[in-house]
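Let's take a friendly walk through this structure. Please have a look at the sequence and the model before reading on.

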Amino acid sequence: MSSTQVHPATEDVAPRAGLAGRAPAMAKLRDLALVPAIIAIAVVGYVVNPVFLASSNLVNILQTMSEIGLLVLAQTLVLVAGKMDLSLESTFGLAPGVAAWMIVAPGATHGLGVLPGWAGVPLTLLVGVLVGVINGLLIVRFKLNGFVVTLGMLIVLRGLLTGISGGQTFFGLPASMLYLGTHLWFGVPVEVYLCFLLFAVGIGVLGYTRQGRSLYAIGGNVDAARAAGIRTDRILAGVLIVASTLAALGGLMLSGRLASVAAAQGNGAIFTVFAAAVIGGVSLNGGKGTVFGAFTGILLLYMIQNVLTLAGVPAQWISALNGAIILVALIVSRITSGKAQE
Amino acid sequence: MSQPAQARGGDSPLVEAAGIWKRYGTTIALQDAGIVVRPGRTHALVGRNGAGKSTMVAILTGLQSPDAGTVAFDAVPAPAISDRDAWRSKVACVFQKSTIIPELSVAENLFLNRHALGRGPVISWRSLRREARALLDAWDVEVGADRRAGDLTVEQRQLVEIARALSFETRFIILDEPTAQLDGPAIKRLFARMRALQERGVTFLYISHHLEEIYQVCDEVTVFRDARHIVTGDVADLGPTDVVAAMTGDATALISREPRPPVPSSVPEVLAVDELVVPAAEGGLAEAPPVSFSVRAGEVVGLAGGGGSGKREVAESVVGLRKPRHGTITVDGTRLRPGSVPAALDARVGLLPQDRHQQGFVPGLSISENITMTVPEQLGPHGTVLPSRRDRIARRLIDALAVKTPGPELDVAALSGGNQQKVVMGRALANDPRLLVLIQPTAGVDVRSKETLLSVVDDVRARGSAVLVASDELDDLRTCDRVLVMFQGRVVREFAAGWDDHELIAAMEGIES
């Protein structure tokens with residue numbers, strides 16, 4: 001009864017073939033909501049400084065975006081399932097930090113030098129998995145509040161990185177850890193390919209696999225998902241582990257590009273991550289949003305930042321403008337999507 | 001179009017809406033519809049989902065303005081739509097969804113935003129509580145003013161909402177499906193309360209899907225169909241068959257079935273429940289005795305009982321939504337892992353849960369995704385989901401259940417209640433269940449949807465599967481070969497088909513006979 005009040009149109013709609021065909025097209029259109037804004041920024045960027053469209057600059061945008069992009073991808077998975085993971089930004093620093101700590105020779109930095117160089121990548125990923133397992137245990141198994149658990153983890157993991165590094169930066173990373181961030185394929189860093197590949201996989205998984213679709217069901221109505229036989233606990237724990245692992249991989253890519261792990265690596269990145277996801281149409285309440293949308297969100301943010309830099313905005317103003325950009329981008333996506341953001 | 005309502009003599013209507021048109025986009029929600037409620041005469045408004053009842057309620061409560069037509073209270077034109085206080089003194093509505101704020105006390109809920117003030121803008125909690133107690137006492141509502149509103153039962157919450165409405169001096173109260181979440185005794189108490197308030201000069205407009213309730217408590221009945229007013233009359237003159245005919249547009253008999261011969265004991269059991277002890281429901285029973293029963297192939301067994309009888313807990317244990325304390329559940333000879341829905345699904349158990357909003361569907365996802373949620377393995381190879389295959393499965397179920405939708409891609413939240421319930425039923429049927437478990441399958445759905453939903457039971461039975469129907473609705477139970485009545489956690493009686501309504505109801509309410 002109550003639903004007829006809100007949707008009076010639906011009760012007596014006779015089945016019409018035309019409408020049926022249009023619905024998925026509409027869904028895809030919503031996904032493309034930010035594309036006009038991205039094109040507009042590209043035009044503005046070119047007007048401000050023709051260098052903007054130079055291939056070296058575009059590669060630069062994609063490269064700087066690819067690391068945070070993995071955090072956005074990770075957060076999108078978690079948000080769609082109706083949870084939040086604040087600790088991603090600390091995992092982003094701690095995972096490569098632990099690897100560096102174990103591998104880098106003692107001396108200039110706080111390295112232990114107990115493991116060979118090839119262990120860098122597996123160790124980084126392992127730390128990511130472990131953080132995800134802890135998050136999963138606390139949130140899914142012991143039913144603690146996800147927001148506060150990951151907030152606690154954010155602080156703990158950041159503190160651990162500061163502890164093992166003595167607050168300093170690890171240098172002299174092994175070649176295996178540098179590969180993703182520095183090696184080029186056809187003039188483009190490997191990490192860019194990897195970021196694109198993982199986003200493509202994300203789009204496929206969320207759109208076209210049982211596990212992916214069950215994230216939407218869980219985020220939309222966890223009781224209904226459980227009643228439908230979805231193993232909600234297992235899926236939620238799984239998504240937290242995947243997210244942490246993606247964050248670790250993102251951190252590895254940044255460490256590779258900078259050839260170092262700073263104690264503050266990833267510090268504060270989570271705000272940009274949330275902003276990109278929401279601008280890209282992912283709901284903070286769960287069950288809504290797409291990986292492609294999130295991708296356009298982070299791309300838009302990084303393009304705007306790049307344009308600002310090219311326009312010669314002084315460095316000390318960049319952070320205030322970054323905040324303002326996020327707000328403007330939110331407003332723009334609110335207008336183009338025509339939907340209230342939750 | 002603002003014709004002033006004509007002044008009338010002594011019998012002037014308390015509320016009169018006439019010539020109301022309301023349009024949402026291309027859909028006409030009300031078409032020259034009207035209703036007249038006379039003082040002291042409890043008035044029922046009935047109609048199928050989408051008939052325009054909700055829109056009429058929204059217009060009568062001033063939440064929406066009609067495109068054309070007039071509303072008058074006591075022959076005085078209704079206040080401007082922006083004047084909420086004036087509306088509140090004319091009419092109040094107790095909606096299906098509670099408007100009580102759970103974290104606040106009963107007293108504060110009663111006087112929200114009109115708290116008693118002490119000095120200046122400071123709230124005087126003492127006088128607030130005093131006023132609240134006076135109000136609750138004045139209307140014989142036995143609820144502590146200091147209690148947290150969220151701890152109240154549904155029944156108590158409704159009484160608090162009625163008391164709040166009365167405190168605005170209104171004597172016209174709309175009850176929108178008040179019995180949907182109440183059990184038998186609570187419904188009786190509500191009706192007694194309505195009659196008592198009626199004697200004190202309160203007039204009710206009563207909206208319900210349950211025709212028998214209307215004949216218990218209402219004096220007049222108005223039927224809407226397809227956005228139009230169809231008929232108004234005294235309940236004494238309009239029988240249930242007439243009302244159903246007016247609602248559906250053609251004469252349809254109330255659901256009745258020929259009793260079938262009992263299923264012979266040689267037929268194998270599909271479901272065997274043995275010595276099942278379920279954890280007590282919220283605020284429910286301390287320790288219930290074990291429950292054992294079985295359902296044979298091609299048999300429909302009813303599990304009757306009111307709220308708190310334990311029928312829901314037993315049914316949810318069978319499908320794995322609840323982990324029993326001990327006892328076993330066996331489907332087709334396989335003992336199910338306790339508390340595991342996937343295990344139940346593997347044994348081809350289908351479930352229609354009690355509350356479609358809470359456990360039934362995922363709003364925001366399409367009909368197609370909702371309806372295929374139980375059969376992920378059929379949607380594509382190697383864990384993939386192929387939208388074309390999913391939509392094909394969905395279309396088959398949509399056709400089988402006559403879900404009114406332009407296509408499988410529609411957001412399930414955009415459907416009416418009856419059609420949403422059909423989607424949830426489709427989800428239960430998707431894996432061609434050997435055992436179908438239905439909990440309150442027709443709660444809050446219109447007559448037509450009810451027939452469709454219950455005819456599914458016959459189809460499933462005819463295919464040789466077993467059905468367990470946990471419900472307190474007589475119409476749901478009429479599909480059953482036998483009915484087990486539960487009361488306070490134990491099975492108290494068993495009825496064969498062809499039972500007497502009064503005896504069954506008496507057993508559900510714990511009356512020895």
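## A parallel pair in chain B

In this predicted model, strand 13 (residues 300–304) and strand 19 (residues 482–487) of chain B run parallel to each other and are joined by four bridges. Within this pairing, B:Val301 sits opposite B:Arg482 of strand 19 of chain B.

## The sheet around the pair

Both strands belong to an open sheet of six strands in chain B, whose order is 16-17-18-13-19-20 and whose pairing is mixed. At its edges are strand 16 (349–352) and strand 20 (490–496) of chain B, each with pairing on one side only. On average, neighbouring strands of the sheet are turned by 15 degrees against each other, direction ignored.

## Helices across the sheet

Which strands does helix 9 (residues 311–318) of chain B lie across? They are strands 13, 17 (435–439), 18 (466–471) and 19 of chain B, and the helix runs at about 150 degrees to strand 18. Helix 17 (residues 501–508) of chain B lies across strands 13, 19 and 20 of that chain, at about 30 degrees to strand 19.

## Nonpolar cores

The largest nonpolar core counts 171 residues, and B:Val437 and B:Leu468 have the most contacts inside it. Its biggest contributor is helix 12 (residues 232–258) of chain A, which gives 13 residues. Another core, of 67 residues, lies apart from it and includes B:Ile162, B:Phe172, B:Val202 and B:Ala246.

Back at B:Val437, its contacts beyond four places in sequence are B:Ala315, B:Val318, B:Val319, B:Val349, B:Gly350, B:Leu351 and B:Leu468.

How values were computed: Residues are numbered from 1 along each chain as its sequence is written. Chains are lettered from A and ligands numbered from 1 in the order in which they are written. This is a predicted model: local features need pLDDT of at least 70, side-chain atom pairs count only at pLDDT 80 or more; totals for chains, interfaces and linings use all residues. A nonpolar core is a set of buried Ala, Val, Leu, Ile, Met, Phe, Trp, Tyr and Cys residues joined through C-beta atoms within 7 Å. A residue is buried if 20 or more other C-beta atoms lie within 10 Å of its own, exposed if 12 or fewer, and partly exposed in between; C-beta atoms are placed from the backbone. Helices (H or I, at least four residues) and strands (E, at least two) are DSSP runs, numbered from the N terminus. Two residues are in contact if their C-beta atoms, placed from the backbone, lie within 7 Å. Two strands pair if DSSP finds at least two bridges between them. Axes are lines fitted to C-alpha atoms, for helices over the stretch in contact, and angles run from 0 to 180 degrees between N-to-C directions.
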